Amino acid sequence: MNPAAYLRPRSITEVSQCLQRLPEAQLLAGGQSLLAAWRLGLCKPTHFVDLQDVPDLKDIRIEGDALWVGAMCTHAQIAQSPIIATQFPMLSALAHGIADAQIRNVGTIGGALANNDPAACWPAGVLAMHADIVTNERVINADAFFQGLFTTALQEGEWILGLRFPRVACARYVKFEQAASRFALVGVAVMRSMDGEVRVAVTGLGQGVTRWYEAETALTAAWHVEALNKLDFDVSNAQSDIHASAQYRAHLVAVLCRRAVAANTGESGAMPARTSVAHTPVVPSKARIQGSHLLQATPEYVWHQLLDPAVLQRCIPGCTAMTRTQPEHYQAVVKIGLGPVSATFATQVALFPEAPNHASAPTRCRLVLSGQAGALGEGKATVLVQLHAIQDPQTQSIHTRLDWQASPEVTGKLAQLGNRFMDATAHSLSQQFFNRFSAGLSGHTPTKASSFFTYALTVKVKQWFQRFFER
C-alpha cells in the first residue's frame with residue numbers, strides 16, 4: 001500500500017485548486033470503493049482530497065419545483081430526510097434499500113454516481129427521474145452522464161456538487177437483490193412526469209444503467225400494467241454471470257417493471273399467461289465470449305488494417321505508445337482508469353495469421369495479448385479473428401464479416417480477487433474494441449473502448465468490492 005497525503009479543503013475553490021495542483025490526487029467521498037482499491041494497491045493516489053468539510057455538499061433542500069441533494073449526502077441521510085420521504089418517496093425508499101446500515105451511513109450519492117457501478121441502485125433512480133448532475137464546471141443531464149461500465153461524462157478535474165430532481169407525478173424503484181450484498185441482480189425504476197411522459201431505467205444487467213424505451217413508449221400511451229403485456233426486454237442487452245443468466249435477467253426486467261407500475265396504479269402486477277413456445281437449444285461455444293461485425297471493406301483491406309500499429313493504437317484508448325518489435329509483434333504502453341482503479345500496463349500483442357488452402361490472403365488470425373501491471377499481476381487474452389467475404393446483393397461490392405472469439409484470464413494478485421463479472425465485462429469490452437475498429441474503417445470517430453487486457457482488472461476489482469460489502 002503506497003503512502004498518500006491527506007487533504008481536507010473547506011471550499012469548492014480549494015478542492016479545484018488541489019486537483020489542478022496535484023494531478024494524481026483522488027477525491028474522497030464515502031471511500032467505500034476507493035479505499036478498498038487503494039489498500040489492494042489497485043490505485044496509487046499521491047493525495048486524498050476529503051470532501052467532508054466542503055459546505056453545501058450535504059444540503060437537502062427544495063429549490064422551486066426541484067429537489068437539491070448535495071453530493072456528500074449519505075444514503076442514510078437521504079433515506080431519513082423528511083423532505084424526501086414526503087415529497088420524493090421513491091428516492092427515500094431506494095436509499096433505504098442500499099446494502100446495510102454501515103454502508104448507508106458512510107456511502108454517498110455523489111460517490112455512487114461517480115463510480116457508476118453496473119449493479120448500483122442510484123444510477124437507475126437518477127436516470128429514471130431525469131435528474132441533472134451539477135458539477136464544479138457544468139450541468140449534465142442523467143441521459144448524458146452515464147456512459148457505460150464504471151464510466152461517466154465527468155472529465156479530468158470535474159467533480160459532482162449535487163443533483164437536482166424535478167417533481168414528478170409518481171415514481172417507484174423495485175429490485176431483485178443478491179441476498180448477501182444487496183446489490184441489484186436487476187433493478188427497475190419507473191417514473192411518470194407531470195405531463196404523462198414515462199421513463200424506465202434498468203440496472204444490474206452487467207454493463208451499466210440503461211433505459212427500456214419500448215416500455216416507456218407503451219406506458220406513456222397507456223398508463224396501465226396491461227400496456228406491457230406484449231413486451232419482452234431484449235435479452236441481448238443483458239449479460240450472464242455466476243448469479244443469473246442473461247435470459248433470467250431479461251425476464252426479471254419485465255416482472256419488476258410491471259410491479260413498479262402496479263405499485264402506482266393499484267393494479268395487479270402479475271405476468272400474463274402465455275402459450276409456451278418450443279425453443280431450439282443453443283449449443284454453447286467453447287469460447288467464453290464472442291461477437292460478429294459487418295465491415296464496409298474487403299477482407300484484404302481489413303487484414304492490412306489489423307496489422308497497422310497506428311490503427312491498433314487508435315483502437316486502444318489510453319495507449320501512449322505502440323511500436324512494432326518484429327513482424328506481426330507489437331509492444332504498447334497503456335494507462336487505464338476504471339472507477340477507482342488506475343494502472344499502467346506494458347502490453348505485448350502478437351498476431352499469428354492462418355491462411356486456408358488456395359487462399360490469396362490470410363482470413364483467420366489468432367491474437368495473443370498480455371498486459372503486465374507490475375505487482376498486480378498479468379492479464380492475458382487469446383482472441384481468434386476470422387474474416388469472411390460477403391457480397392452485397394444490391395451493389396455487388398465485397399464486404400467483410402468479422403467474427404471473433406476470446407478467452408481472457410488473469411494471474412498474480414488480480415486472480416486472488418475473484419471472478420464475478422469476468423464474462424459479462426469481457427463481452428462488452430470486446431464489443432467496444434471491435435466497434436471502434438469498425439468505426440475507424442468507416443471513417444467515423446471511434447467511441448471510448450477498452451482493450452482485452454483490461455478485462456481482468458475490471459471484473460476482479462468488482463468481485464472484491466462485492467465481497468468487501470458483504471462483510
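This is a predicted model: local features need pLDDT of at least 70, side-chain atom pairs count only at pLDDT 80 or more; totals for chains, interfaces and linings use all residues.
Q: How many residues line the largest cavity, and which lie nearest its centre?
A: The structure holds three cavities of 30 Å³ or more, and the largest has a volume of about 90 Å³. Its lining is made up of eleven residues, and those nearest the centre are Leu312, Val349, Leu367, Leu369 and Phe433.

Q: Which elements give two or more residues to the lining of the largest cavity?
A: The lining comprises eleven residues. The elements that contribute two or more of them are strand 17 (364–372) and helix 14 (422–442).

Q: How many residues in the lining of the largest cavity are nonpolar, polar and charged?
A: Leu312, Val349, Leu367, Leu369 and Phe433 are among the lining residues, and Val, Leu and Phe count as nonpolar. Over the whole lining, the class counts are eleven nonpolar, no polar and no charged residues.

Q: Is Arg249 buried or exposed, and with what relative accessible area?
A: Arg249 belongs to helix 11 (residues 246–265). The threshold for burial is under 20% relative accessible area. Arg249 is therefore buried, with a value of 1%.

Q: Which backbone oxygen does the side chain of Arg249 reach?
A: Leaving aside neighbours within four places in sequence, the contacts of Arg249 include Leu185, Val186, Gly204 and Leu205, as well as Ala238, Gln239 and Ser240. To one of these residues the side chain of Arg249 makes an approach of 3.0 Å, reaching the backbone oxygen of Gln239.

Q: Which backbone atoms does the side chain of Thr220 reach?
A: Thr220 is located in helix 10 (residues 213–221) and, at 39% relative accessibility, counts as partly exposed. Apart from residues up to four places away in sequence, Thr220 touches Gly196, Glu197 and Val198. Its side chain reaches the backbone oxygen of Glu216 at 2.7 Å and, at 3.1 Å, the backbone nitrogen of Val198.

Q: What distance separates the C-alpha atoms of Thr220 and Arg199?
A: Thr220 and Arg199 are 21 residues apart along the chain. The separation of their C-alpha atoms is 8.5 Å.

Q: With which side chain does the side chain of Asp53 make a polar contact?
A: Asp53 sits in the loop between strand 3 (47–50) and strand 4 (60–63), and counts as partly exposed at 26% relative accessibility. Beyond its neighbours within four places in sequence, Asp53 is in contact with Arg8, Pro9 and Arg10. The C-alpha atoms of Asp53 and Arg10 are separated by 5.2 Å, although these residues are 43 apart along the chain. The polar contact of the Asp53 side chain, at 2.9 Å, is with the side chain of Arg8.

Q: Among contacts between residues at least 6 apart in sequence, what percentage join residues at least 24 apart?
A: The protein chain has 15 helices and 19 strands, and 53% of its 471 residues count as buried. Of the contacts between residues at least 6 apart in sequence, the share joining residues at least 24 apart is 58%.

Conventions: Residues are numbered from 1 along each chain as its sequence is written. Side-chain values use heavy atoms; hydrogens and water are left out. On a 1 Å grid over the protein atoms alone, a cavity is a set of points where a 1.4 Å probe fits but cannot get out, and a pocket is an open set with protein on both sides within 12 Å along at least five of seven lines; lining residues have an atom within 4 Å of a point. Grid points are joined across faces, edges and corners, and a volume is the space filled by probe spheres set on the points. Helices (H or I, at least four residues) and strands (E, at least two) are DSSP runs, numbered from the N terminus. Buried means under 20% relative accessible area, exposed over 50%, partly exposed in between (1.4 Å probe, protein chains only). Contact means heavy atoms within 4.5 Å. A polar contact is a pair of N or O atoms within 3.5 Å; within protein, one must be able to donate a hydrogen and the other to accept it, and residues adjacent in sequence count only if both atoms are side-chain atoms.
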